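The sequence and the model are shown first, and notes grouped by topic follow.

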Amino acid sequence: MYNAAKTVADCFKYRSRVGLDVAIEALKDYRRSSAFDADALWRYAQVCRVSTVIRPYLEVVA
């Protein structure tokens, strides 16, 4: 585990392997945590090339 934001981005990157429901639940858990940092999550989403996938879920959860 690198950090929580990277882990959430990785869940969305590998959503076909782990399941979309797992990725969404990871995003919800990360949002509820005290370590939530939207900028870090967005940066890792861009690095992992899932920013277009994660954007709608992030808008609903955040």
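A residue is called buried under 20% relative accessible area, exposed over 50%, and partly exposed in between, with a 1.4 Å probe and protein chains only. By that rule, Cys 48 is buried, at 7% relative accessibility. The model is predicted, so local features need pLDDT of at least 70 and side-chain atom pairs count only at pLDDT 80 or more, while totals for chains, interfaces and linings use all residues. Residues are numbered from 1 along each chain as its sequence is written, and side-chain values use heavy atoms, with hydrogens and water left out.

**Cysteines**

- A disulfide is a covalent bond between the sulfur atoms of two cysteines.
- The criterion applied here is a pair of cysteine sulfur atoms within 2.5 Å, and a search of the whole structure finds zero disulfides.
- The sulfur of Cys 11 lies 10 Å from the closest cysteine sulfur, that of Cys 48, which is too far for a bond.
- Cys 48 is accordingly in no disulfide.
- Cys 11 is also buried, at 15% relative accessibility.

- Helices are DSSP runs of H or I with at least four residues, strands are runs of E with at least two, and both are numbered from the N terminus.
- Helix α5 spans residues 51-61, and its residues Ser 51, Ile 54 and Leu 58 are buried.
- Seen down the axis of α5, the buried residues fall within an arc of 70°, so they line one face of the helix; the arc is that of the directions from the helix axis to the C-beta atoms.
- The face turned away from this buried side carries the exposed residues Thr 52, Glu 59 and Val 60.
- The cover over the buried residues of α5 includes α1 (4-13), α3 and α4 (38-47).

**Ile 24 in helix α3**

- Ile 24 belongs to helix α3, which covers residues 20-32.
- With a relative accessible area of 22%, Ile 24 is partly exposed.
- Leaving aside residues up to four places away in sequence, Ile 24 touches Phe 12 and Tyr 57, where contact means heavy atoms within 4.5 Å.
- Val 50 is 26 residues from Ile 24 in sequence, and their C-alpha atoms are 13 Å apart in space.

**Salt bridges**

- A salt bridge is a side-chain nitrogen of Lys or Arg within 4 Å of a carboxyl oxygen of Asp or Glu, and the count comes to two.
- Lys 6 pairs with Asp 10 in a salt bridge whose closest N and O atoms are 3.0 Å apart.
- Lys 6 and Asp 10 are four residues apart in helix α1, and are therefore separated by about one helical turn.
- Asp 10 is partly exposed, with a relative accessible area of 24%.
- Asp 29 forms a salt bridge with Arg 32, again with the closest N and O atoms 3.0 Å apart.
- Because Asp 29 and Arg 32 are three residues apart in helix α3, about one helical turn separates them.
- Asp 29 is partly exposed at 40% relative accessibility, whereas Arg 32 is exposed at 60%.

**A nonpolar surface patch**

- Patches consist of residues with over 30% relative accessible area and no salt bridge, with like charges joined within 9 Å and nonpolar side chains (Val, Leu, Ile, Met, Phe, Trp, Tyr) within 5 Å.
- Tyr 14, Val 18 and Val 22 form a nonpolar patch on the surface, with about 230 Å² of accessible area together.
- Accessible areas come from the Shrake-Rupley method with a 1.4 Å probe, and for residues only the protein chains shown count as cover.
- Val 22 is found in helix α3 and is partly exposed, at 39% relative accessibility.
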